[in-house]
Amino acid sequence: MSGIQRIGKTFRRTIWQAVPTVIGIIVINFFLLQLAPGDAADVLAGESGSATMETVAALRSRFGLDQPVLLQLVAYLDNLAHLSLGYSPRYNLPVADIIGQRLPGTVALMTTALVIALAGGIALGIVMATFAGRWPDRVISIVVTLFYSIPGFWIGLMLILLFSVKLGWLPSGGAATIGADISGFDLLIDRARYMVLPAVSLSLFYIAIYSRLARAAMLEAQAQDYVRTAAAKGLSPLTITVRHVLRNALLPVTTVAGMHFGGLLGGAVVVETVYSWPGLGRLAFEAVMSRDFSVLLGILLLSSLLVIIANVTVDLVQAWLDPRIETR
Amino acid sequence: MTDATLDSTRPTEHSADDRPRPVPDRPEWSNIHAPDTHVIAIDAGRQRSWLPDRLRRNPSFVAGTVLLLVIIAAAVFAPVLYPGDPLSMVARPLLWPGQDLAYPLGTDSLGRDVAAGLMHGARISLLIGFVATTIGVTVGTVVGAVAGYRGGRIDDFLVRVIELFQTIPSFILLVVLVAIAQPSIATVTWAIGLVTWPTIARLVRAEFRVLREKEFVMAARSLGFSDTRIVVREILPNALPAIIVTTSVMVATAILMEAALSFLGLGDPNVVSWGSMIGSGRELIRTAWYLTALPGLVIVLTVLSLNLIGDGLTDVLNPRLSRER
């Protein structure tokens with residue numbers, strides 16, 4: 001079977017499997033929205049400050065909130081089919097628009113954090129596997145266990161304390177210098193300066209996971225026959241590590257990298273709050289503070305869908321990387 | 001943050017199948033050529049020493065246990081050493097640690113004793129961590145056991161449900177649940193239990209699927225034991241090592257989740273918690289950074305102790321994994 005065919009078949013299978021999950025997520029979202037105290041009419045009435053019972057009832061019937069639950073579910077699905085997540089009285093904007101504004105910030109932060117975590121984790125894993133059982137391995141193991149135990153929001157604050165307050169090297173929050181008229185390379189540097197602390201805070205935990213995983217996978221790959229063959233035909237240890245061991249050890253790491261997408265999103269909520277990063281996470285925080293449940297549940301729905309997309313992507317990448325993964 | 005903690009330490013696929021079986025010192029058959037005979041022999045040697053002995057010789061486990069016991073002691077003696085409400089004003093605000101020996105860790109911006117807050121916070125963190133994990137482990141074990149033991153349609157359905165909950169980013173779901181239910185110790189605990197059960201359910205299901213095919217289960221079935229008895233008395237004890245290892249990491253995760261929630265202002269407003277101490281201290285990070293640093297350090301130590309215990313248990317209960325280390 002050719003590569004393209006294989007990927008196509010994997011794609012069809014994973015999409016088909018994702019359908020019930022998507023439906024389940026939508027239904028859970030709808031019922032959580034029902035459970036939330038106060039509906040959109042209450043919120044609007046509260047905002048206006050002078051609503052009578054009659055106005056609230058009129059608002060309810062306008063939004064269809066006086067309909068039976070099942071009809072409301074149908075209306076909700078209908079709205080979703082038109083890519084509408086509802087309306088936020090707080091921002092006076094459709095929820096989908098608000099989320100759309102914030103999404104790129106979060107995706108940029110998560111991607112950077114994931115790249116840092118993978119690069120750092122794999123590098124540490126290689127060192128640990130190369131010196132397995134000796135002191136570099138032990139020292140890095142301890143450091144990694146520590147990374148694994150540090151809450152992201154706290155290390156974020158500590159990094160601000162060190163690099164912004166004490167040393168003054170990096171900005172303590174935001175995503176770009178406000179009002180700076182720069183372009184090209186300077187713009188890139190400016191963005192990077194704002195990105196580095198939040199991305200590092202978010203990635204420490206995953207560096208810990210990937211380094212342990214990479215270490216175990218490297219040790220397993222080292223014991224394989226083809227590595228002995230490579231050594232027997234006189235390849236240098238470096239070539240063996242990079243071309244033969246590492247390539248095969250990377251597969252398990254990419255598998256879990258996809259699984260961690262949801263976790264990264266959750267971590268982003270806290271880290272973005274610490275760094276006032278204009279992303280979905282901080283939007284979720286603001287929504288909680290203002291009890292804006294339509295926005296909050298819109299974020300929950302969208303982030304779940306992002307996780308599904310990430311999982312499908314990982315499946316496809318794996319089908320492409322490893323011909324042994326056939327369609328089950 | 002959270003799905004990952006648990007998924008990454010997955011010692012499970014190995015445990016049931018690979019547990020070394022004791023073999024006689026001298027093989028009864030001289031012609032054993034099974035490829036893994038030597039492996040079993042090595043492990044059998046390890047297996048002979050008593051479990052507590054092996055735990056006591058494991059540095060990770062010992063260090064983690066000592067650390068955790070210190071924190072538990074702090075939680076237990078908090079009402080004795082600091083009988084008053086830790087949320088009440090006791091001294092001049094913003095005393096630095098060491099400035100006044102009556103308040104060794106200083107006071108916060110409202111003149112509350114930081115040391116008292118940390119010790120009372122230990123009660124909340126440990127309580128929520130352990131109770132939430134108990135809820136998660138109970139729900140997860142029941143769901144996983146039913147799915148793994150029954151198989152068939154029920155299994156298909158339950159696997160879908162588990163997948164569903166693992167797809168939804170658990171921390172965001174947690175925030176939504178707590179925001180809807182209004183934060184209190186009870187709602188936070190239940191919400192953490194509800195977002196963590198899928199991890200243990202998936203693990204228990206995998207264990208049960210392997211174990212239900214074993215000879216001893218077949219033997220129990222042919223003796224006419226009821227399903228309940230087979231599940232509880234025969235299969236569950238064999239799945240326990242994997243469950244225990246994961247449980248210790250789940251407690252760590254639950255404590256981290258609680259800290260993050262109360263940092264965001266979604267903790268119980270009537271009790272002092274490490275996360276909320278960091279949350280209120282962060283405004284003053286430029287002038288009084290100890291208010292942020294100290295509670296965080298305590299969280300790190302607590303979570304570290306549980307992770308060390310988890311590592312030690314993995315080493316001891318999963319000999320095959322530990323040899324790879």
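A word on the ground rules before we start. This is a predicted model, where local features need pLDDT of at least 70 and side-chain atom pairs count only at pLDDT 80 or more, while totals for chains, interfaces and linings use all residues. Residues are numbered from 1 along each chain as its sequence is written, chains are lettered from A and ligands numbered from 1 in the order in which they are written, and side-chain values use heavy atoms, with hydrogens and water left out.

Let's go to the interface. Chain A brings 55 residues to the contact and chain B brings 50, where contact means heavy atoms within 4.5 Å. About 4600 Å² is buried between the two chains, and carbon and sulfur atoms give 75% of that; buried area here is the accessible area (1.4 Å probe) that two parts lose on being put together, summed over both. Who loses the most area on the chain A side? That would be Tyr148(A), Phe153(A) and Trp154(A), together 13% of what that side buries.

Arg212(A) and Asp311(B) are the partners, at 2.7 Å from N to O.

Which elements of chain A touch chain B? Those giving two or more residues include helix 1 (3-35), helix 8 (185-222) and helix 11 (261-275); helices are DSSP runs (H or I, at least four residues), numbered from the N terminus. Helix 11 of chain A gives the largest share, 10 residues. By class, that side of chain A has 37 nonpolar, 14 polar and 4 charged residues. For the classes, Ala, Val, Leu, Ile, Met, Phe, Trp, Tyr, Cys and Pro count as nonpolar, Asp, Glu, Lys and Arg as charged, and the others, Gly among them, as polar.

On to the helix pairs. In chain A, helix 12 (280-289) and helix 13 (293-321) pack at about 145 degrees, axes 8 Å apart. Axes are lines fitted to C-alpha atoms over the stretch in contact, and angles run from 0 to 180 degrees between N-to-C directions. The classes come to 9 nonpolar, no polar and no charged residues.

In chain B, helix 6 (114-150) and helix 9 (185-211) pack at about 35 degrees, axes 5 Å apart. Their contact has 21 nonpolar, 8 polar and 2 charged residues. Thanks, everyone!

How values were computed: Salt bridge = Lys/Arg side-chain N within 4 Å of Asp/Glu carboxyl O.
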